[in-house]
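Let's read a model together, one feature at a time. Have the sequence and the 3D view open as we talk.

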Amino acid sequence: MTDQGIRRSTLDSGLRVVTERLPGLRSAAVGFWVGTGSRDEVGPLAGASHFLEHLLFKGTATRRASEIAEAVESVGGDMNAFTGQEVTAFYVRVPDRHLELALSILSDIIWSPALRADEVESERQVILEEIRMRDDTPDDLVHEAFASALFPDHPLGREIAGSIESITEMSRDAIAEYHAAHYQPSNIVVAAAGNLHHDDVVAMVERMLPARPFTDRPVRVEDRAAAVVAEPFALIERPLEQAHLVLGMRSLPRADDDRFALAVLDQVLGGGMSSRLFQEVREKRGLAYSVFSYRSAFADTGTFAVYSGTAPERTEETLSVLHAELDKLVADGGVTDHELESAIGHLAGSMALGLESSSSRMHRIGRAELTLGIVPDIDEVVAQVERVTADDVARVIDRVLAPGERTLAAVGPISELDLTHSA
């Protein structure tokens with residue numbers, strides 16, 4: 001088999017390895033993608049996935065946190081991690097000759113974190129400060145308020161970092177048990193891209209697996225996110241200089257056939273300086289500096305929303321315009337030919353430009369393998385975007401926007417009466 005392009009293997013342990021050989025580069029990016037996130041947490045474990053993301057870099061039985069950082073930085077590399085609702089990822093990028101070092105460090109922290117009691121306590125304080133920082137950042141907080149209203153009393157509506165209460169009370173043993181349950185080979189994808197060979201990566205990953213029995217990860221509780229009834233408003237009153245607004249609704253799940261048409265719609269509505277929202281809200285009316293739309297997708301549902309920050313006295317006008325732009329798409333039943341062509345061109349071009357590094361390639365193949373079970377060829381993805389028609393966009397508008405149930409979240413010096421009057 002050729003060693004060019006994307007290859008994948010499944011080890012006896014259930015661990016999947018996917019690689020993309022890019023011989024023109026002199027770097028290698030490696031990531032461990034874990035199929036667990038905040039959606040998998042129950043009760044007092046809210047925030048456990050994010051807590052673990054922090055703790056795993058704190059050290060192992062043979063490496064302290066400072067030694068991990070120095071090992072990566074001393075060869076010019078960088079490392080990071082993130083936690084999502086359904087995914088947690090850890091990744092390192094290094095010069096290609098240090099690929100084994102990157103795999104060794106990531107394997108060590110994934111399979112054998114020390115979770116020392118003193119480090120748990122110190123990192124607990126770091127996370128509590130992170131939560132407080134978010135609460136002091138209204139243009140972040142409003143998105144959390146929107147999610148909690150869109151998915152009330154559901155893990156998808158809960159802050160990924162957890163709450164002050166849950167993080168304060170979470171014990172070291174509970175975190176260790178959560179790690180042992182979820183950080184199993186069958187729940188992990190190792191992705192690597194750059195100047196490397198697939199068979200070498202597989203051999204190193206297999207050699208670095210600890211010699212102990214493994215089990216399957218716990219089955220995610222059937223939580224029927226799509227069946228949860230959304231709330232119409234979420235308001236956090238703060239004495240700010242701006243009112244931060246998010247208006248949106250439920251959308252399409254990750255693997256939905258209409259996801260490419262939704263991407264086109266997102267681009268037309270609020271994806272850039274030529275978008276409808278930017279032109280109407282900022283350029284024409286001067287209502288906001290920042291205005292955009294965005295989408296998120298999960299296994300069984302998704303979100304679609306628009307954001308704007310405006311002066312408190314212009315909240316009603318701004319909300320009126322946001323509603324009007326959504327209503328116009330529904331009333332017109334679609335977008336213009338020019339908008340369609342421009343949006344497709346932007347999406348196709350940005351995909352090409354976004355894959356010019358080993359890190360971006362690794363992120364693409366790792367996420368796709370973990371969440372979809374396949375890694376589609378990038379040319380086919382571009383072709384699917386380019387095949388989107390005006391009828392496809394009209395169908396997405398009918399599926400997502402036309403039902404009319406919208407949730408509004410606001411953070412700022414405004415009252416619920418203001419929101420109700422503007423709806």
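**Reading the model**

Q: What span does helix H11 (residues 315-332) reach from its first C-alpha to its last?

A: The expected span of a helix is 1.5 Å times one less than its number of residues. H11 has 18 residues and reaches 26 Å, close to the 26 Å expected at 1.5 Å a residue. Helices (H or I, at least four residues) and strands (E, at least two) are DSSP runs, numbered from the N terminus. A word on the source: this is a predicted model, where local features need pLDDT of at least 70 and side-chain atom pairs count only at pLDDT 80 or more, while totals for chains, interfaces and linings use all residues. Residues are numbered from 1 along each chain as its sequence is written, and side-chain values use heavy atoms, with hydrogens and water left out.

Q: Which residues of H11 are buried?

A: Buried means under 20% relative accessible area, exposed over 50%, and partly exposed in between (1.4 Å probe, protein chains only). In H11 the buried residues are Thr315, Thr318, Leu319, Val321, Leu322, His323, Glu325, Leu326 and Leu329. Just after H11 comes Gly333, with a positive phi of about 70 degrees.

Q: Which residues have a positive phi although they are not glycines?

A: Most residues other than glycine have a negative phi. Here, Leu115 has a positive phi of about 50 degrees, and Asp153 has one of about 55 degrees. Leu115 is found in the loop between H3 and helix H4 (117-135), whereas Asp153 lies in the loop between helix H5 (138-150) and helix H6 (164-169).

Q: Is Leu115 buried or exposed, and is Asp153 buried or exposed?

A: Leu115 is buried, because its relative accessible area is 6%. Asp153 counts as exposed, because its relative accessibility is 85%.
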